[in-house]
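Have a look at it first, then read on.

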Amino acid sequence: MAPAPKAAPKKEDPAAAAPAAEAAAPAKKAEKGKREKKHKEEKGVKAMYKVEGAKFSRTRPTCERCGPGYFMADHHDRYTCGHCGFTRYKQK
Ligand SMILES: [Zn+2]
């Protein structure tokens, strides 16, 4: 009396189960998050000075209250000091 051989359990093939598209190319992903950055103006100390040879000039006025060293923000119609809040309107 030979014991009946147990049928081997069916192996699930992971390759067959996975959708074909996913296995084909999972590399495209980084291109979506691109955002165009508008480079409006230079930032930092470099933006405050204009160097011409040996001379340099300030591109923005300094604050009258805080004194030299405190540059004022350049808005379209006014300058504002971020330190003390002083605002000076541009004259035409
Ligand atoms: Zn100020």
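## The zinc site

Keep in mind that this is a predicted model. Which residues hold the zinc ion? Its protein donors are the SG atoms of Cys63, Cys66, Cys81 and Cys84, sitting 2.2 to 2.4 Å away. Along the sequence, these donor residues follow the spacing C-x2-C-x14-C-x2-C.

The angles between the 4 donor atoms run from 104 to 120°, so the arrangement around the zinc ion is tetrahedral. That call rests on a cut-off: four donors count as tetrahedral if all angles lie between 85 and 135 degrees. For reference, the ideal angle for four tetrahedral donors is 109.5 degrees.

Are Cys81 and Cys84 buried or partly exposed? Cys81 is buried at 2% relative accessible area, while Cys84 is partly exposed at 30%.

## The aromatic cluster

The model has 2 aromatic pairs. In one of them, the ring centres of Tyr49 and Phe56 are 5.5 Å apart with the planes at 70°, so this pair is edge-to-face. Tyr49 also makes an edge-to-face pair with Phe71, with 5.5 Å between centres and 90° between planes.

Together, Tyr49, Phe56 and Phe71 make one aromatic cluster. Phe71 is buried at 19% relative accessibility, whereas Tyr49 at 30% is partly exposed, and Phe56 at 49% is partly exposed.

## A charge over a ring

Lys90 places its charged end over the ring of Tyr79, 4.8 Å from the ring centre.

How values were computed: Residues numbered from 1 in each chain as written. Predicted model: local features only at pLDDT ≥ 70, side-chain atom pairs only at ≥ 80, totals over all residues. Heavy atoms only, no water. Donors = N, O, S within 2.8 Å, 3.2 Å for Na, K, Ca; no water. Tetrahedral: all angles 85-135°; square planar, octahedral: opposite > 155°, others 65-115°. Buried < 20%, exposed > 50% of the residue type's maximum accessible area, 1.4 Å probe, protein only. Phe/Tyr/Trp six-rings, centres within 6.5 Å; stacked < 30°, edge-to-face > 60°. Lys NZ or Arg CZ within 6 Å of the ring centre and 35° of its normal.
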